[in-house]
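Morning, everyone. Please look at the model on the screen while I talk.

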Amino acid sequence: MRDCGPCALCCILPELPKWNKPGHTPCEHLSDDRDEKRCNAYATRFPPCRKYSCLWLQGEFEEEDRPDLIGAVCSRLDIHHVREIIILELANDEDMPHEFVSRIVDAGSVIHLHKVDGSTSYLGKQDVLDEFFEDVRIVGGA
Ligand code: SF4
Ligand code: SF4
């Protein structure tokens, strides 16, 4: 069973408009003390925080791929129940975790990359991406 340890990227990267939390900004309840549990409002934390655990915390990837160490948080998204893809949110656009991304792409996953500047793109092997877009096109009725 993994532990977030000093990581707190999912308390920094997401935008939670309903709770006035801007994206890429530490949550107002986030403690600076990296040796302690980081949420100062754990009992009353925001509802999305109660449900969320990143893929690394769920046991995917390697131990050394903890989000704060690679500078990116990964979540899974089900597209029309046709294909699961990995949402990869970068903490810093200049610091792409190339080795990690290559490993995930080589394993046959489709990555939807979210950069800090708001731009997004898909990454994957060309044949996997072709199949993914064809599946989505058929299900979407395009
Ligand atoms: S990004 Fe993952 S490992 Fe880091 S604090 Fe959030 S759930 Fe924990
Ligand atoms: S409420 Fe707590 S768990 Fe939720 S984002 Fe803020 S610091 Fe993190």
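Two strands pair if DSSP finds at least two bridges between them. Strands (E, at least two residues) and helices (H or I, at least four) are DSSP runs, numbered from the N terminus.

A word on the source. This is a predicted model: local features need pLDDT of at least 70, side-chain atom pairs count only at pLDDT 80 or more, and totals for chains, interfaces and linings use all residues. Residues are numbered from 1 along each chain as its sequence is written, while chains are lettered from A and ligands numbered from 1 in the order in which they are written.

Now the sheet. It is open, with four strands in the order β1-β2-β3-β4, and its pairing is mixed.

Next, helix α3, residues 98–106. Helix α3 packs on the sheet and touches β2, β3 (111–114) and β4. Contact means C-beta atoms, placed from the backbone, within 7 Å. The direction of α3 makes about 155° with that of β3. Axes are lines fitted to C-alpha atoms, for helices over the stretch in contact, and angles run from 0 to 180 degrees between N-to-C directions.

Last, the ligands. Around ligand 1 we find, among them, C4, C7, C10, C54 and V73. Around ligand 2 are C11, C27, H29, L30, C39, A41, R45, F46 and C49. Here a residue counts if its C-beta atom, placed from the backbone, lies within 6 Å.

Definitions and conventions: Two residues are in contact if their C-beta atoms, placed from the backbone, lie within 7 Å.
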